[in-house]
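Dear colleague,

Please find the structure below, together with its sequence. My notes on it follow, and I would be grateful if you read them with the structure open.

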Amino acid sequence: MKRAPRWIVYVVAVLVLNFPVIVTLVTSFKSGGELSVNPGLWVNQPTFDNYLKVLTVSDRLNIYGYLGNSLVASLIGSLLAIALTFPAAYAVARGNFGRRLLLPTVVNLRAVPLIIFAIPIYMMFQWLGLLDTQLGLGLILTIVNLPLAFIVLANAIADLPIELDEAARIDGAGTFTIMVRIIWPVTRAAVTTVAIFGFITAWNEFLFGLMLTTTKAVPVTVGASFFFAASGGGVQWGPASAVMIVGALPPMLLGLLMYRQIGGSLTAGAVKG
Amino acid sequence: MPASSPTTDSSARQWALLATPLVVFLLLFLGFPTVVDLIYSLSRVSFETLRSPSLSGVENYVAALADPGFWSAAWFSLRFGIITAAAECIVGLALAVYLAPLLEKRAWLMAPLMLPLMVAPAMVGLMYRLVLHEFVGPVPYYLYLWFGNSPTFLDAGSAFWTLVVVESLQWTPFAFLLFYAAYEAIPDEVRQAAAIDGANSLQTLTRIELPLMAPTLAVAAFIRFIDGFRVFDNVYTLVGSGPGGATTSMSIYIYEAFFKQGAIGKAIAASVVLFAASFAVLFVLGWLARRRGPAT
């Protein structure tokens, strides 16, 4: 049993790193009565009441609205980032266009605190009527996703053999046709990974959701805290836990499903960027 | 101009055309805000006169730089960034090296370790309000049960360190992931050669493996420092600006100056200072990388 200590370290690491999620999950199955006498890590009488409460629309709280806003804005943020960076990544990888200025600028955005753009964007959105809209939030989430999308797609295209392009060019295909017909299909794996991770990143964004939305387009990361103050008095921890689980579940499931690809692109994006 | 016979000139134009949507988007959503930042930072502006700023020179910068709150926020962010980056990299590295033999044959074991990266930091902050709650939180509960006492985690004295732990626990998996990939990328022949030369496993680690992983270590430390420096979500949802403003990070300082105090000019001036600082850091790093690049 040479491996036993490693297994123990592994299990402890998993439990400690995921501790807040575990506590929240356990608490979400406790009734209000049980919670006041049992703050421990087990449940005496599991109940789904907290989830029922959260999933019931009240006049002030609508979980489906928050989830829907997160879904739409994250889809915009994920797909628009790909639509913008894929052609540019192709230009970088094959045409050497933008390698000295465009690519470093976008990749370095990763290292710029985005709050410095938040106030002018707030003003701009006010003028454009984009405050508190799913589209407005989605546009900002696109910015958040650009750096990783750009570098991962540029690397993916650069890794393809140049003969692919040359063969198509001899057959008379133009640059745009080659990109759409030849390059796009064979980079599908990278594109999917970028889309999924972009979706997760967008779903988990908070600062711009907090600043740019008030009622109609509130994402679930912001809306979750509304449930904390819902009952006037103290926090009802049962429903509050349930809403956190509901809000955190979509990106966690996607992450579990795609952990291998996400790990690969995070590593590549960081090291090659 | 048939696309199939590109002269150098027309193909250059085609590449530029492909990059155009991205460039336009950047100019619109980052270039324009940057210009607004610069103009408004030099103007007298309030929520009433938002569209008609009047130039006022550097008084916003004076207001920001003379505000002790600005400097304590900068100090908070700097300390927070350095300490969390160091903690995440040290623990992440130790886990990556120690657990590598386990993970090599069972890739799926990575998934639970990566799970914290998939949870919104804002949600994690909310979750810790529960975890650390004095009546319903398991941590104080078990500390009372086992030791008869529990510290207050979120008062002025301990909030900083509580947040350091919260941030580090969530992002250690990121450092771990990078280090594990770098560790696995070291060819087995290198290790075998070291073993043949009589190096023990500690020597192999410190003399061979760690130097080979050095670039990754630097990248991970830098990314984690930046993310720690600009921290907002989990701090905001767990304690806000904290008791007596004790946990006001740079991002929270700008947010509160704008939304809570309505001090638009000061908030924007602080943004520009932060912009200049991150630009300077990136410039120096780029310069260092270029200088090292051709030499190696």
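Asn96(A) sits in the loop that joins α5 (63-95) to α6 (102-108) in chain A. Please keep in mind that this is a predicted model. The phi angle of Asn96(A) is near 60 degrees, which is a positive value in a residue other than glycine. Asn96(A) counts as exposed because it has 11 C-beta neighbours inside 10 Å, and the cut-off for exposed is 12 or fewer.

Next comes helix α11 of chain A, which covers residues 188-204 and has 17 residues. From its first C-alpha to its last, α11 reaches 24 Å, close to the 24 Å expected at 1.5 Å a residue. Which residues of α11(A) are buried? Among them are Ala190(A), Thr193(A), Val194(A), Phe197(A) and Trp203(A), and also Asn204(A).

Finally, the two chains touch: 70 residues of chain A are in contact with 76 residues of chain B. Helix α14 (residues 237-257) of chain A gives the largest share of chain A's side, with 9 residues. By type, the residues on that side of chain A are 48 nonpolar, 19 polar and 3 charged.

Yours sincerely

How values were computed
Residues are numbered from 1 along each chain as its sequence is written. Chains are lettered from A and ligands numbered from 1 in the order in which they are written. This is a predicted model: local features need pLDDT of at least 70, side-chain atom pairs count only at pLDDT 80 or more; totals for chains, interfaces and linings use all residues. Helices (H or I, at least four residues) and strands (E, at least two) are DSSP runs, numbered from the N terminus. The expected span of a helix is 1.5 Å times one less than its number of residues. A residue is buried if 20 or more other C-beta atoms lie within 10 Å of its own, exposed if 12 or fewer, and partly exposed in between; C-beta atoms are placed from the backbone. Two residues are in contact if their C-beta atoms, placed from the backbone, lie within 7 Å. Ala, Val, Leu, Ile, Met, Phe, Trp, Tyr, Cys and Pro count as nonpolar, Asp, Glu, Lys and Arg as charged, and the others, Gly among them, as polar.
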